[in-house]
Amino acid sequence: FKGGNINEPAMGLGHFFGLMPAEIVNQSRLFGVELDPLTARLAKQLYPQADVQNRGFQDVFIADDSMDLFISNVPFADVTIVDENDARLRSLKASLHDYYFSKALRKTRPGGLVVFITSRYSLDKKASRWREDWQRHGNLLGAIRLPRTAFKGNANTEVVTDILIFQ
């Protein structure tokens, strides 16, 4: 990946933007989404070159096939998202973290990437309709299961997570 339109939904303070190599940043347009107002204001200060929107990902309009890369540690919650702006996504009634995949895959250009850290339940749940949706809209390039202690040092949490990479 050498650059393009990069979107970090659920960006928090924008760790992915902050750790991105300068040569990629210089070849890219950065877009971020953060629900928490204080965190969004801080992210705007940290990354003034980025278009940071303070709203839920489901409330942000993104044209189909317009992004080259989505990258994020998507939020985990037992919440169902109903996208009032997109009938294709509204009918899915996906969990929060699964919704991020379904929306991002529809908004990524052919050949682009979706790289998300997610709950292990994105792959482990018995219901397969979300995984089938992702398969229709992208190709799974790789899945990495991290040990439950992977984020203990920097986030003080122990949870099994996966990194999923789609094109």
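This is a predicted model: local features need pLDDT of at least 70, side-chain atom pairs count only at pLDDT 80 or more; totals for chains, interfaces and linings use all residues.
**Helix H3**

The face of H3 turned away from its buried side carries Arg41 and Gln45, both exposed.

I then turned to the other side of the helix. H3 spans residues 37–46, and Thr39, Ala40 and Ala43 are buried there. These three cover an arc of only 100° around the axis, so they sit on the same side of H3. The background is simple: an α-helix has 3.6 residues a turn, so residues three or four places apart point the same way.

What do the buried residues of H3 pack against? I found strand S3, residues 51–53.

I also checked the N-terminal end of H3. Aspartate 36 caps it, with a side-chain oxygen 3.4 Å from the backbone nitrogen of leucine 38.

I counted salt bridges next, and the count came to twelve. Side chains of opposite charge can pair when their charged atoms come close.

I picked out arginine 88, whose side chain meets that of aspartate 64 in a salt bridge of 3.0 Å, N to O. Arginine 88 is in helix H4 (residues 87–90) and aspartate 64 is in the loop between S3 and strand S4 (67–73), so this pair ties together parts 24 residues apart in sequence. I noted arginine 88 as partly exposed, at 36% relative accessibility. Aspartate 64 is partly exposed too, with a relative accessible area of 37%.

Aspartate 64 also forms a salt bridge with lysine 107, at 2.8 Å, N to O. This pair links distant parts of the chain, 43 residues apart: lysine 107 lies in helix H5 (residues 96–107), and aspartate 64 in the loop between S3 and S4.

Is lysine 107 buried or exposed? I have lysine 107 down as buried, because its relative accessibility is 5% and the cut-off for buried is under 20%.

I then followed the links further. Asp64, Asp86, Arg88 and Lys107 are joined in a network of salt bridges.

**Aspartate 68 and arginine 109**

I looked up one more salt bridge. Aspartate 68 pairs with arginine 109, and their closest N and O atoms are 2.9 Å apart. Aspartate 68 belongs to strand S4 and arginine 109 to strand S7 (residues 108–119), so the pair ties together parts 41 residues apart in sequence. On accessibility, aspartate 68 counts as buried at 16%, whereas arginine 109 is partly exposed, with a relative accessible area of 33%.

Key:
Residues are numbered from 1 along each chain as its sequence is written. Side-chain values use heavy atoms; hydrogens and water are left out. Buried means under 20% relative accessible area, exposed over 50%, partly exposed in between (1.4 Å probe, protein chains only). Helices (H or I, at least four residues) and strands (E, at least two) are DSSP runs, numbered from the N terminus. The arc is that of the directions from the helix axis to the C-beta atoms. Contact means heavy atoms within 4.5 Å. A polar contact is a pair of N or O atoms within 3.5 Å; within protein, one must be able to donate a hydrogen and the other to accept it, and residues adjacent in sequence count only if both atoms are side-chain atoms. A salt bridge is a side-chain nitrogen of Lys or Arg within 4 Å of a carboxyl oxygen of Asp or Glu.
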